[in-house]
Amino acid sequence: MTPFDLLLQQLINGLSLGAMYALLALGFTIVYGILELINFSHFNVFMVGSFIAMGVLHLFGIEGQSVLLHGLPLVGVLLVVLVVTMIACGFLGVIIERFALRPLRGVKGPMAMITTIGVSYILSNVVLLTQGANEKNYPNPIPHWSFYIGGINGARITVFQILIWVISTLLMGGLFWFVQRSRLGKAMRATAQDPDAALMMGVEVNRVIMTAFFMGSALAGAAGLIFSLYYNFTSFGIGFSAGLRAFTAAVLGGIGNIPGAMVGGIIIGLIESLAGQYIAVKWADVIIFSILVLVLICRPAGLFGRLAPTKS
Amino acid sequence: MLKRRFLASLIAATALTAVVGLPHGAQAADKTIIIGINLPITGGDAAGAKRIMNGALLGISMANDSKAVPGYTLKPMVLNDATPTAGQYDPAQAATNARKMVSNEKVLAAIGPEMSGSAKAMVPILSEGNLTMITPAATNPDLTNPQFAAQYMPGGKPVFFRTVTTDAFQGPNMANYFAETLKVKSIYVLDDSGAYGVGLADAFQKQAAAQGIKVLGRDRLDPTAADYSSILTKVKSLGAEALYFGGVAQAGVKLVKQAYDIVPNIPKGAGDGMYSPDVLTGAGFPAAEGWYISNASPHLTDDTKLSQWIGDYQSKFNESPDDYAITAFDGVQVIIAAINKVVASGGTPDRESVRAAIASGTVPTLQGAVSFDKNGDITQRIVSVFRITHDPKFPDGDPQHQFKFVGNAPQS
């Protein structure tokens, strides 16, 4: 491999990683934008999503990596799994909001945030106790198609990596369109700017908040499925390290800011991948979090500025 | 405070004895000796840890059935040192468990832990309580190295014994295997940042360099991270002829999967932390195929002399044993022999007499006669090597049939 191929390969690795962080970061950002609440249960909604998707794949009779599908069945199965997982996770998010967070909405201080940490632990322990702690071999029906850029010794792209980019771009684009163009999206932006004024203008704030939780959690479910298919494994513990990096991505881009979360995720993915190549994996976390601190010192609102409720 | 805790544990122990003792009728008069067991039975290494636990439990129940210790009933006290936050063994939990064992006077000896990181947290506490522990799996050399006696032997006497050898042999012997048998010229070395993994990778790396293998680099994986593709891409770009990993299943499973994708054709090796059903089922086949895994004990489960024992184990637990289930069983035999020695000499077994009997004795076990040197290490130093070879006739998670024994690693 030439140094250029190597750089290209690490960029491909980093982009795939970054796309997953970005999907996960969006959930933090949507909820924060509206409620100014850091929702730590998001970490484990992602993890639960990966297990729900595993259950659906098992229903299709797919175990391990030996059952491979092609053509229409493959597309069909993946689409069904993706949609079921996203809807299930979306409802999980709505349930968390309705029963754990809405009763605390008027309460000042960090109570709601601490509740989300509690919910996060409940989710991870429920999965731990019902599914066991060992790392699960993930059912994956996608064949190992890949091609090389610049000959057999060049950089390799797998078809699944391209699929990750396409799905992430579509989901993020869809979300962006929804928030910018649709009625409910406008209501969301209005609530983000000033919840009280929005309420007075006839916006159903509860519905807006539920929608935000539904969409954020659905994206986390999609990220959980993609993550597990990409790495061929899942465990009850995947939420914390991936979630923490995604959260960092959201803050880096400016929490509350949707394009910021996408760019933040890609940046974190690229740093992780390039640091592993050119410095050492053991320093990757130090570098990621140092960059976060530096950005926040120079631009406290993140790279793209923060979008949060105006407090009067 | 201490007095109250003592009283509480005494009451608890008495209540326990009453409950357990009564149904046995004739045994009601027997005195109870508790053998502590500490293993990560819910973590990322759960399936391997359970086999070790079952080996120890089988030893205890067989001893009770055959009344191996006249006048005494042995009872296990199983503690788990895996926590949800760590996702695998957690040294802080191991320390708590060590205190729990020390504070219960009926615990005269213990089996475990599986992981050296846990052992490093437990041994100082055990040493102060003069409670003997025999590990069937923890191989980090520091634990029995006289250089660290202040840390791991503050009581001045060895309380930590092993029925397996240490990474001072496991690492270097595997390096010899890579140099002499696999004829590897260059290698990249990784560890999982745990006490065991770092120590094993260090020992391997040193001997590999001494054998003339070019060590192209060394890096450390975060076991909770998911993505190892960037470091593996680096390994590939350096043209490494082999990869060695010191660590346990949590990082190991992900490494096996991603290495299969990025560097499928080079020989890959690891230590006994990867000799576990968790690696087989977590990584699956074909990803796990071809890894060379060492074990710090002689290979036993294919031994025809042990077929009776293996049958007993299989019928009791409905799964096949692995070699560390046997070293755990052997650990229990060592403890029972020590208690019997004390009883036979007319004494009442207590922690010190049991400890002294273990330190000085030679005990016939499944792996042969076991005796310890003055630091607590087993005197035999065999390191066996396995190649993961898929046998579709047996379940993927069956270590006895999916780890194919390929020979003992050459001694330095």
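The largest nonpolar core in this predicted model has 222 residues, and A22(A), I35(B) and I187(B) have the most contacts inside it. Helix α8 of chain A, residues 205-231, provides the largest share of this core, with 17 residues. In chain B, domain 1 (2-166 + 305-371) and domain 2 (169-295 + 383-408) both give residues to the core, so it lies between them.

- Leaving aside residues up to four places away in sequence, A22(A) touches S168(A), M172(A), A249(A), A261(A), M262(A), G265(A) and I266(A).

**Contact between the chains**
- Chain B places 32 residues in contact with 35 residues of chain A.
- On the side of chain B that touches chain A, at least two residues each come from α2 (46-65), β7 (214-220), α8 (229-237), α9 (249-262) and α10 (277-283) of chain B.
- The element giving the most to this side of chain B is α8(B), with six residues.
- This side of chain B has eleven nonpolar, 13 polar and eight charged residues.

**Sheet in chain B**
- Five strands of chain B form an open sheet with parallel pairing, in the order β2-β1-β3-β4-β5.
- β2 (72-80) and β5 (160-162) of chain B are the edge strands, each pairing on one side only.
- From one strand to the next, the twist averages 25°.
- Strand β1 of chain B, residues 31-39, runs parallel to β2(B) and is joined to it by nine bridges.
- L39(B) has N80(B) as its bridge partner in β2(B).
- Helix α12 of chain B, residues 323-344, lies across β1, β2, β3 (107-111) and β4 (132-135) of chain B, and runs at about 155° to β3(B).

Note on methods
Residues are numbered from 1 along each chain as its sequence is written. Chains are lettered from A and ligands numbered from 1 in the order in which they are written. This is a predicted model: local features need pLDDT of at least 70, side-chain atom pairs count only at pLDDT 80 or more; totals for chains, interfaces and linings use all residues. A nonpolar core is a set of buried Ala, Val, Leu, Ile, Met, Phe, Trp, Tyr and Cys residues joined through C-beta atoms within 7 Å. A residue is buried if 20 or more other C-beta atoms lie within 10 Å of its own, exposed if 12 or fewer, and partly exposed in between; C-beta atoms are placed from the backbone. Helices (H or I, at least four residues) and strands (E, at least two) are DSSP runs, numbered from the N terminus. Domain bounds come from an automatic or database domain assignment. Two residues are in contact if their C-beta atoms, placed from the backbone, lie within 7 Å. Ala, Val, Leu, Ile, Met, Phe, Trp, Tyr, Cys and Pro count as nonpolar, Asp, Glu, Lys and Arg as charged, and the others, Gly among them, as polar. Two strands pair if DSSP finds at least two bridges between them. Axes are lines fitted to C-alpha atoms, for helices over the stretch in contact, and angles run from 0 to 180 degrees between N-to-C directions.
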